[in-house]
Each structure stands twice: as structure tokens, then as C-alpha cells.
Amino acid sequence: MERTFVMLKPDAVQRGVCGEIIARFERRGLKIVAMKMLWITRDLAEKHYGEHRGKKFFEGLVAYITSAPVIAMVIEGKNAVKLVRDMMGKTNPQESLPGTIRGDYSIDLGRNIIHGSDSLASAEREIGLFFTKEEIYEYKLVTENWIYE
Ligand code: DAT
Ligand code: MG
């Protein structure tokens, strides 16, 4: 089953909406196979957002993501990468439709509340940056036969 990396950014934690957002993934039928709170270091932020190094928003992005604790997760499900990206909405909350996480919880591009991997390759890379193998659990949900045919 496909896995993706999801992070509730510092604004989600500060605004007290992590539970609601996690509930959306649970309700969809997705399985959380790893989860922890951490305070991202500058080094990890630069690795995670390596593709954006050198862009004019990079410093602000690193400052934001390291400003307070985040909640990191690995989420598993059929087509989990795309499913989660679709649930999140567009990168810029101004373009995110109501009903999406960014569309329901955020307004500004630099405070867009959630991260989700944009491809399978990114997911594998990001999961490896944030989690050890031992921190990711393989288990069966009792509801699985009612979510997948
Ligand atoms: P996403 O988070 O949807 O994968 P991304 O990988 O292109 O988007 O960018 C990472 C984050 O950087 C994004 O969530 C918000 C910020 N960002 C992206 N483009 C930006 C821009 N043009 N100006 C300011 N911040 C930007
Ligand atoms: Mg991205």
C-alpha cells in the first residue's frame, strides 16, 4: 500500500486544529502508520525544502517551519500521495477550494497549515528524513475490509 509524508505545520499546532485535520484523514479511511511531534532544526528544514533553496521565499519558509513544533505523520492508503494532496488543496490557500484543508483552515501562502509529499519519490525521501524504520508500524485496521473491496 502507498505511503505519504504529512506534516501539520507550526500554525496548525498553534491554532489547535491538529485533531480536526487528523480526523479528516481517519474519516477518509487512510491509515496513520507513524506520528510524532518534533521541533524541526534548521538543518532538517533545509534538507526537507532542499528543492526551494535559493528561491526568494526560502529564508521565510525555513524560519516559519522551525518557529514552533510540528506534527509529522506517515499516512498509508491506496494512492495515498495523490489522495492527500487533493484533500490539502492548492499550495496557495487563496486558490484552495472550500472543503480542502488549506481552503478551510488557511489564507496566506506562507501560513498554509499542512505539508504533503507531491510524488512517490518525494514521499520516500521525506519519510526517510523524518522517521526511522522502527517508528513506522505495520498493522491491520479492523475496518480495512469495509474501506477496500
Ligand atoms: P507544497 O507545499 O504545496 O508542496 P511547494 O513545495 O511548491 O508547495 O512549496 C513549499 C512551501 O513553500 C509552500 O507550502 C509554501 C511555500 N511557498 C511556495 N511557493 C511560494 C512562493 N512563491 N512564495 C512564498 N512561499 C512559497
Ligand atoms: Mg512541495
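Met7 stands opposite Ala72 in strand 3. The model described here is a predicted one.

**Strand 3 and its partners**

- Strand 3 pairs with strand 1, residues 3-8, in the antiparallel sense, and this pairing runs over six bridges.
- Strand 3 also pairs with strand 2, residues 31-38, again in the antiparallel sense, here over seven bridges.
- Another bridge partner in strand 3 is Val74, which pairs with Ala34.
- Both faces of strand 3 are covered. On one side the buried residues are Val70, Ala72, Val74 and Glu76, and on the other they are Ile71, Met73 and Ile75.

**Helix 2 against helix 5**

- Helix 2 covers residues 18-28 and helix 5 covers residues 80-88; their axes come within 12 Å and cross at roughly 135 degrees.
- That angle makes helix 2 oblique to helix 5.
- The crossing in which helix 2 passes helix 5 is right-handed.
- Helix 2 contributes Arg24, Phe25 and Arg28 to the contact, and helix 5 contributes Leu83, Val84 and Met87.
- Sorted by class, the residues in the contact of helix 2 with helix 5 are four nonpolar, no polar and two charged.

**Glu46 in helix 3**

- Glu46 is placed in helix 3, which spans residues 42-48.
- Its relative accessibility is 19%, and buried means under 20%, so Glu46 counts as buried.
- With neighbours within four places in sequence left aside, Glu46 is in contact with Arg53 and Phe58.

**Two loop residues with positive phi**

- Asn79 is not a glycine, although its phi is positive, at about 55 degrees.
- The position of Asn79 is in the loop between strand 3 and helix 5.
- Asn79 has 46% relative accessibility and therefore counts as partly exposed, as that class lies between the 20% limit for buried and the 50% limit for exposed.
- Ile113, also a residue other than glycine, has a positive phi near 65 degrees.
- Ile113 is found in the loop between helix 6, residues 101-105, and strand 4, residues 114-116.
- The relative accessible area of Ile113 is 0%, so this residue is buried.

Note on methods
Residues numbered from 1 in each chain as written. Chains lettered and ligands numbered in written order. Predicted model: local features only at pLDDT ≥ 70, side-chain atom pairs only at ≥ 80, totals over all residues. Heavy atoms only, no water. Axes fitted to C-alpha atoms, helices over the stretch in contact; angles between N-to-C directions. Helix = DSSP H or I, 4+ residues; strand = E, 2+ residues; numbered from the N terminus. Parallel < 35°, antiparallel > 145°, perpendicular 65-115°, else oblique. Left-handed = near helix turned anticlockwise from the far one by under 90°. Contact = heavy atoms within 4.5 Å. Nonpolar A, V, L, I, M, F, W, Y, C, P; charged D, E, K, R; others polar. Buried < 20%, exposed > 50% of the residue type's maximum accessible area, 1.4 Å probe, protein only. Pairing = 2+ DSSP bridges.
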